[in-house]
Every structure is written in C-alpha cells, then in structure tokens.
Amino acid sequence: MEVMDVTLAERGQIVIPKEARDALGLKPGARLQLRVDGGRLLIEKKVQLDLSRWVGKALDDGMSTEQALAELRGRAVPWVAPTRKA
C-alpha cells in the first residue's frame with residue numbers, strides 16, 4: 001500500500017483513509033493499539049480471537065479454509081456455497 005497523507009484535526013483526531021481501513025478490515029468500533037517508537041507513531045489493529053468456535057470442530061461445518069480464515073480476520077468474503085461431504 002502506498003504512503004497516504006492525513007491531517008491532524010484541531011482536537012488531535014485523524015481519519016484513517018478508506019483504502020487502509022478496507023485493507024485491514026477495520027469497521028466502526030474496531031480496537032486499535034497505538035504506540036510511539038523512535039519518533040514514529042505506530043497504529044495496529046488489535047486482534048482478539050475467539051477460538052471457541054474452532055476448537056475441536058476442524059471446519060466440520062462445511063466452511064472452506066478461505067472462509068474460515070477470512071472470518072477469523074474479520075474480513076468479508078464473497079459467498080461461496082459450502083461443499084457437501086460424502
């Protein structure tokens with residue numbers, strides 16, 4: 001992703017450009033982590049995985065690996081019909 005310029009608002013707020021939000025799967029209410037490192041401001045998506053759905057299931061519900069990973073990452077994926085088990 002290319003470098004994007006943002007402007008600091010009067011109250012110290014910045015707007016994260018849509019392209020960056022989409023790339024990270026950020027939605028309203030997303031939690032972010034912020035830290036200062038050697039004169040740089042680093043903002044990272046805070047990931048909190050609830051793996052209870054996956055423990056012991058091993059994708060037995062018919063989801064593809066791509067769909068499962070996308071769900072864990074919090075990103076939308078195009079709908080794909082689940083494969084039927086023989």
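At 41% relative accessibility, Arg35 counts as partly exposed, a class lying between buried (under 20% relative accessible area) and exposed (over 50%), with a 1.4 Å probe and protein chains only. The model is predicted, so local features need pLDDT of at least 70 and side-chain atom pairs count only at pLDDT 80 or more, while totals for chains, interfaces and linings use all residues. Residues are numbered from 1 along each chain as its sequence is written, and side-chain values use heavy atoms, leaving out hydrogens and water.

Arg35 forms a salt bridge (a side-chain nitrogen of Lys or Arg within 4 Å of a carboxyl oxygen of Asp or Glu) with Glu44, the closest N and O atoms being 3.1 Å apart. Glu44 is partly exposed, at 37%. The count comes to 3 salt bridges. Another joins Arg40 to Asp37, at 3.3 Å between the closest N and O atoms; Arg40 is partly exposed at 49%, and Asp37 at 33%.

Asp22 pairs with Lys18 in a salt bridge, at 2.7 Å between the closest N and O atoms. These two residues are 4 apart in helix α1 and therefore about one helical turn from each other. Helices (H or I, at least four residues) and strands (E, at least two) are DSSP runs, numbered from the N terminus.

The surface also carries a nonpolar patch of Val6, Leu8, Ile14, Leu32, Leu34, Val36, Leu41 and Ile43, with about 750 Å² of accessible area together. Strands β1 (32-37) and β2 (40-45) each give two or more residues to the patch, and β1 gives the most, with 3. Patch residues have over 30% relative accessible area and no salt bridge; like charges are joined within 9 Å, nonpolar side chains (Val, Leu, Ile, Met, Phe, Trp, Tyr) within 5 Å. Accessible areas come from the Shrake-Rupley method with a 1.4 Å probe, and for residues only the protein chains shown count as cover. Ile14 lies in the segment before α1 (18-24) and is partly exposed, at 37% relative accessibility.
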